Amino acid sequence: MAWKRSAWRLTIGFTRGVKRLMDLVAAGILLLVLSPVMITVALLVRRDGGPVFFRQTRVGFRGREFGMLKFRSMCVDAEARLKELLAHNEKSDGITFKMKDDPRITPVGRFIRKSSMDELPQLINVLRGEMSLVGPRPPLPREVALYSPDDRRRLLAVPGITCLWQIGEREGRLLEVGDRNQIEFPEQVDLDVRYIESQSVFKDLLILAKTVPAVLLGKGGA
């Protein structure tokens with residue numbers, strides 16, 4: 001029995017090592033290749049006034065908090081104005097927040113959110129080891145405070161830039177790409193747990209491949 005446990009730990013450790021190596025190599029290459037796009041976006045955001053980057057506290061692996069980076073897509077006082085907009089939340093779960101015509105979003109911000117370009121700085125979080133390319137999206141502390149014990153299962157993996165519900169994969173079909181806006185919080189948790197329990201390098205590569213058409217087809221922008 002002891003050798004089985006050791007073999008299992010070795011397998012898990014090897015898988016995590018391969019995943020981390022893939023993250024480092026891919027994030028480094030993507031930052032290099034996408035640097036012209038990121039510089040252009042940074043200049044456009046800067047023209048709106050205020051800082052280029054938005055650093056937001058998120059909850060990562062096993063509840064560890066970190067600063068997640070984004071290109072700023074909202075007005076500089078967006079966090080302060082959130083309380084007055086909570087009554088207009090379109091998400092029935094009350095945990096996550098979404099508003100179709102959120103007045104805090106800038107004109108440039110609307111475009112980069114629709115195209116998911118606002119997420120590109122998270123490649124830096126990947127290099128730091130705070131995030132992975134693929135994994136459950138990192139929640140806000142105020143959201144985690146409302147989690148049930150079952151909801152907290154999604155914190156048992158390193159958070160990622162993309163995941164199953166981000167690409168709208170609900171039924172596990174090979175070529176399935178759907179609209180993430182149609183997926184409510186309880187199903188997001190179920191999909192995250194499904195990923196955690198069956199994650200593999202092949203699955204990560206498949207999710208990354210399906211993220212491209214999800215973005216190009218606009219399946220889940222702001």
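Mentor: Let's start with a term we'll need: buried means under 20% relative accessible area, exposed over 50%, and partly exposed in between, using a 1.4 Å probe and protein chains only. You're looking at a predicted model, where local features need pLDDT of at least 70, side-chain atom pairs count only at pLDDT 80 or more, and totals for chains, interfaces and linings use all residues. Residues are numbered from 1 along each chain as its sequence is written, and side-chain values use heavy atoms, leaving out hydrogens and water.

Trainee: Thanks! What is the mean pLDDT of the protein?
Mentor: pLDDT is the predictor's confidence in each residue, from 0 to 100. Here 91% of the residues reach 70 or more. The mean for the protein is 89.

Trainee: Which element has the lowest mean pLDDT?
Mentor: Helices (H or I, at least four residues) and strands (E, at least two) are DSSP runs, numbered from the N terminus. Helix α5 (residues 122-128) has the highest mean, 98. The lowest, 80, belongs to helix α3 (residues 78-85).

Trainee: How many aromatic pairs does a search of the whole structure find?
Mentor: Rings of Phe, Tyr and Trp (its six-membered ring) pair if their centres lie within 6.5 Å; planes under 30 degrees apart count as stacked, over 60 as edge-to-face and the rest as tilted. The number of aromatic pairs found is 2.

Trainee: What kind of pair do Phe53 and Phe71 form?
Mentor: Phe53 sits in strand β1 (residues 53-59) and Phe71 in strand β2 (residues 65-71), so this pair links distant parts of the chain, 18 residues apart. Their ring centres are 5.4 Å apart, with the planes at 15 degrees. That makes the pair stacked.

Trainee: Within what arc do the buried residues of α4 fall?
Mentor: In helix α4 (residues 107-114), Val108, Gly109, Ile112 and Arg113 are buried. Taking the directions from the helix axis to the C-beta atoms, these residues line one face of the helix, because their arc is 125 degrees.

Trainee: Which exposed residues does α3 carry on the face turned away from its buried side?
Mentor: The buried residues of α3 are Ala78, Leu82 and Leu85. They fall within an arc of 75 degrees, so they line one face of the helix. The face turned away carries Ala80, Lys83 and Glu84.

Trainee: Last one: which element gives the largest share of the lining of the largest pocket?
Mentor: On a 1 Å grid over the protein atoms alone, a cavity is a set of points where a 1.4 Å probe fits but cannot get out, and a pocket is an open set with protein on both sides within 12 Å along at least five of seven lines; lining residues have an atom within 4 Å of a point. This pocket is lined by 44 residues, with Arg58, Lys70, Met74, Phe97 and Arg113 nearest its centre. Elements giving two or more lining residues are β1, β2, α3, α6 and α7. The largest share, 4 residues, comes from β1.
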